[in-house]
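Please have the sequence and the model side by side for this walk through the structure.

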Amino acid sequence: MKGTAHRRSYGVKGAPYAHPSPTTTLRRARSAPYFFLVPATLLFALFFALPIGYALWLSFRKVRVSGLGLGSGARSEIWAGPENYTDALSDSELLHGTLRVLGYGCIVVPVMLGLALLFALMLDSEKVRFAPVTRLAIFLPYAIPGVVAALLWGFLYLPDVSPFYFVLDKLGMPQPDLLDGGPLFLALSNIAVWGGTGFNMIVIYTALQAIPAEVYEAAKLDGATPVQIALRIKIPMVAPSLVLTFFFSIIATLQVFNEPTTLKPLTNSVSTTWSPLMKVHRDAFGEGDIYGAAAQAVIIAFATLLLSFGFLRAANRRQKQEAAR
């Protein structure tokens with residue numbers, strides 16, 4: 001009819017195309033995120049949840065040997081209950097490995113986070129030059145695989161091939177053995193600090209870049225010096241990033257494995273049970289006790305989760321108290 005706008009949408013064959021109702025469109029919009037989560041959920045289930053469940057199942061099992069252990073039915077898998085856990089908790093080697101890792105962490109975590117914060121504050125300064133190159137140089141060690149880094153430092157620690165020992169010998173200075181006794185902790189800590197400082201620096205530096213410039217301008221108008229700005233503005237405002245990096249550092253410290261395993265062929269001071277994960281690896285693949293190793297792995301995972309949860313809870317409680325003030 002004249003004066004009436006009558007519009008229709010036609011498909012390929014000329015049939016009218018029915019537009020979806022608002023309810024259908026809303027339902028599709030709500031369900032769309034779940035379709036995007038399907039691949040990640042499948043990968044999480046296959047490569048994370050399923051191995052954890054299998055380790056839990058193995059930790060409650062053991063092998064029963066009948067007779068001389070020969071024949072098809074001489075070895076059978078049976079239910080062990082909490083026996084593997086009681087054996088793991090009473091194992092002195094696992095306890096000593098845990099104490100060594102705690103001492104190692106007392107060196108690594110403060111030094112690494114302190115250097116990361118210092119480098120981030122220096123790069124965020126207005127007077128710094130060649131900031132992109134410097135930032136890349138600090139971050140570059142993190143891009144080197146841990147095994148390769150441990151090998152490089154291991155050869156630098158060996159007196160026969162290290163250029164540092166050659167220089168010390170020419171200068172007539174003492175040549176300490178970094179792969180024996182107490183210096184071994186410093187040698188291993190140096191590898192971790194050298195490789196992890198760059199990543200933590202990037203996290204803290206990114207948080208510093210997010211601080212509004214108006215905050216700095218107001219502090220300068222009040223007569224604040226660069227040191228006062230760093231101590232009273234920058235560090236408190238990047239506290240969440242410091243908590244995050246501390247959280248990651250604790251997990252990485254409790255899971256130390258690559259560095260001592262790589263240095264083990266170079267020295268007799270690193271045993272096969274130097275760290276808890278090294279003991280799990282030895283029991284599972286060296287002695288064939290996958291059931292006891294599974295129980296130890298579950299204990300380590302639970303201890304890591306408990307420690308991390310406790311730290312995050314304490315950090316959140318402190319932030320709430322400061323916000324209430």
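Ala 294 sits in helix α13; helices here are DSSP runs of H or I with at least four residues, strands are runs of E with at least two, and both are numbered from the N terminus. The model is predicted, so local features need pLDDT of at least 70 and side-chain atom pairs count only at pLDDT 80 or more, while totals for chains, interfaces and linings use all residues. Residues are numbered from 1 along each chain as its sequence is written, and side-chain values use heavy atoms, with hydrogens and water left out.

Ala 294 counts as buried because its relative accessibility is 8%; buried means under 20% relative accessible area, exposed over 50%, and partly exposed in between, with a 1.4 Å probe and protein chains only. Leaving out residues up to four places away in sequence, Ala 294 touches Ala 55, Leu 58 and Ser 59, where contact means heavy atoms within 4.5 Å. From Ala 294 to His 281 the C-alpha distance is 9.9 Å, across 13 residues of sequence.

A pocket is an open set of points on a 1 Å grid over the protein atoms alone where a 1.4 Å probe fits, with protein on both sides within 12 Å along at least five of seven lines; lining residues have an atom within 4 Å of a point. The largest pocket holds about 750 Å³ of space, a volume being the space filled by probe spheres set on the points, which are joined across faces, edges and corners. Its lining has 22 residues, and the closest to the centre are Ile 52, Ala 55, Ala 297, Val 298 and Ala 301. α13 gives the most to this lining, with 8 residues. By type, the lining has 19 nonpolar, 3 polar and no charged residues; Ala, Val, Leu, Ile, Met, Phe, Trp, Tyr, Cys and Pro count as nonpolar, Asp, Glu, Lys and Arg as charged, and the others, Gly among them, as polar.

The second largest pocket holds about 580 Å³. Its lining has 25 residues, with Tyr 142, Ala 192, Gly 196, Ala 252 and Glu 259 the closest to the centre. They divide into 16 nonpolar, 8 polar and 1 charged. α7 gives the most, with 6 residues, and α10 (239–254) is among the helices that supply at least two.

Helix α10 also holds Ser 249. Ser 249 counts as buried because its relative accessibility is 4%. Beyond its neighbours within four places in sequence, Ser 249 is in contact with Val 109, Met 112, Leu 113 and Asn 200.

The model has 12 aromatic pairs, counted where ring centres of Phe, Tyr or Trp (its six-membered ring) lie within 6.5 Å; planes under 30 degrees apart are stacked, over 60 edge-to-face, and the rest tilted. Phe 60 and Trp 79 are stacked because their centres are 5.4 Å apart and their planes at 5 degrees. This pair joins the loop between α1 and β1 (61–65) to strand β2 (residues 75–79), 19 residues apart. Phe 60 is partly exposed at 27%, whereas Trp 79 is exposed at 56%. Phe 60 and Tyr 85 have centres 5.2 Å apart and planes at 45 degrees, so that pair is tilted. Tyr 85 lies in helix α2 (residues 83–89), 25 residues from Phe 60, and is buried at 15%.
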